[in-house]
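Hi,

Here is the structure I promised to pass on.

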Amino acid sequence: MIDLSFHTLTIADRAAVQEVTFEAGRRNCNFSLANLVGWQFWYSTEVCVLPDAVVLRFSLDGDRAYMICTKGVPSCELLAALCEDCSHALTLLGLEDEAALQLQQNACRKGINISVEARRDQYDYLYRREDLAGLHGGKLQAKRNHVNHFRAAYPDFEYRPLEPSLFGECRRVAALWHDGKQHDNPVYGDTIEVEKRAMETVFAHWDELGMLGGSIFLGGRMVAFTYGGAITPDTFDVCVEKADLSVEGAFSIINQQFCAHLPERFTFVNREEDMGLSGLRQAKLSYHPVELLTFNVVHIA
């Protein structure tokens, strides 16, 4: 039996966790250390690092759920250990279609009862960095027009890399965005305070997490910012993107400019899920992702 020894996830786990996640190559945003550390308080996230796997344990509505990053399909021995660890039917989160199918086939051969549930609202949107930076081609003509209109309206706009001295301005812009979104769509009200705390956690560990960010200034005043971190050596996760909703085109320009300034080692940009919000889904699809990273929940009795 595999010995699972969990402890509370902290920034000190970065090297051990990324040694596995970077080699495994899973581009799922849930393996972004910025997300794991930033939202640890909300999910009571714990971690167990094995030689060839990282096992994350979450608290969801009083029950335990798990997420696994391995260099292959999770072994039946690991599943047996997880079944022993949990006090109910085992729930695995975030498996892509191929991994879920292989796991289901392996489990069925051993007589294990398993079910797979697709969660479309949690599919990640994966783009090529150069597509978002250059906006070339007919498919992205409308996006290119938005950026050009912004440049024409604000020829003196300034792009600045995000650094701790600008966090106060980030809080101000985030508050403007929150006020506007909460007014437009009450669904945001339930998550805004939680998101603020996650953002403050990331700010407190900015350098330790290896974060990168960017911002747009007009007349010395920030109107948009974004930040994120590496999921794999070639894939960057955009964790947060906020803008003053009164400035038309602010979202378009921060998206394009940030990707243009990202290090070239990042071939892909993960802009995370749409949460089932129709407007957000339409916006993400309009940038023509190269892949939707599927998200399945696996239940093992």
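Predicted model: local features only at pLDDT ≥ 70, side-chain atom pairs only at ≥ 80, totals over all residues.

Start with the open sheet of 7 strands, which has mixed pairing. If you trace across it, the order is E8-E9-E10-E11-E12-E7-E13. Which strands stand at the edges? They are E8 (158-161) and E13 (291-293); each has a single partner strand, so one side of each is left without a neighbour in the sheet. On average, neighbouring strands here are turned by 30 degrees against each other, if you ignore direction.

Inside that order, E7 (residues 124-128) and E12 (residues 268-270) run antiparallel and are joined by 3 bridges. To find the pairing on screen, go to Arg128, whose bridge partner in E12 is Phe268.

There is another strand pair to look at. Strand E5 (residues 90-95) pairs with strand E14 (residues 296-300) in the antiparallel sense, over 4 bridges. Leu95 has Asn296 of E14 as its bridge partner. E5 is mostly covered, with 6 of its 6 residues buried.

**The cores**

In soluble globular proteins, nonpolar side chains tend to be buried together. In this model the largest nonpolar core has 40 residues. Those with the most contacts inside it are Leu56, Leu162, Trp206, Met222, Phe225 and Tyr227. Another core lies apart from the largest one; it has 27 residues, among them Phe157, Ile216, Ala224 and Ala243.

**Helices**

H9 (residues 192-204) has 13 residues and should span 18 Å at 1.5 Å a residue; its end C-alpha atoms are 18 Å apart, so the two values agree. Its buried residues are Ile192, Val194, Ala198, Met199, Val202 and Phe203.

How many of its residues are buried? The count is 9 of 12, so H11 is mostly covered by the under 20% cut-off on relative accessible area. Among the buried ones are Ser252, Asn255, Gln256 and Gln257, along with Ile253, Ile254 and Phe258.

**Single residues worth a click**

His178 lies in helix H8 (residues 167-184). Is His178 buried or exposed? At 3% relative accessibility, His178 counts as buried. Its side chain makes a polar contact of 3.2 Å with the side chain of Glu195. Setting aside residues up to four places away in sequence, His178 touches Ile192, Glu195, Lys196 and Lys242.

Arg271 is in the loop between E12 and H12. With a relative accessible area of 13%, Arg271 is buried too, because the cut-off is under 20%. Leaving aside neighbours within four places in sequence, its contacts are Tyr125, Tyr127, Leu132, Val238, Glu241, Asn255 and Lys284. Asn255 is also on the list of buried residues in H11.

Leu209 belongs to helix H10 (residues 206-209) and is buried, with a relative accessible area of 5%. Not counting residues up to four places away in sequence, it touches Ile11, Arg14, Leu33, Ala34, Val37 and Val202.

**Two positive phi values**

Most residues other than glycine have a negative phi. Ser44 has a positive phi of about 50 degrees. Ser44 is in the loop between helix H3 (40-43) and strand E2 (46-50), and is partly exposed, with a relative accessible area of 40%. His288 also has a positive phi, near 55 degrees. You will find His288 in the loop between helix H12 (278-285) and E13, partly exposed at 37% relative accessible area.

Cheers

Conventions. Residues numbered from 1 in each chain as written. Heavy atoms only, no water. Pairing = 2+ DSSP bridges. Axes fitted to C-alpha atoms, helices over the stretch in contact; angles between N-to-C directions. Buried < 20%, exposed > 50% of the residue type's maximum accessible area, 1.4 Å probe, protein only. Core = buried A, V, L, I, M, F, W, Y, C linked by side-chain atoms within 4.5 Å. Polar contact = N/O pair within 3.5 Å; in protein donor to acceptor, adjacent residues only side chain to side chain. Contact = heavy atoms within 4.5 Å. Expected span 1.5 Å × (residues − 1).
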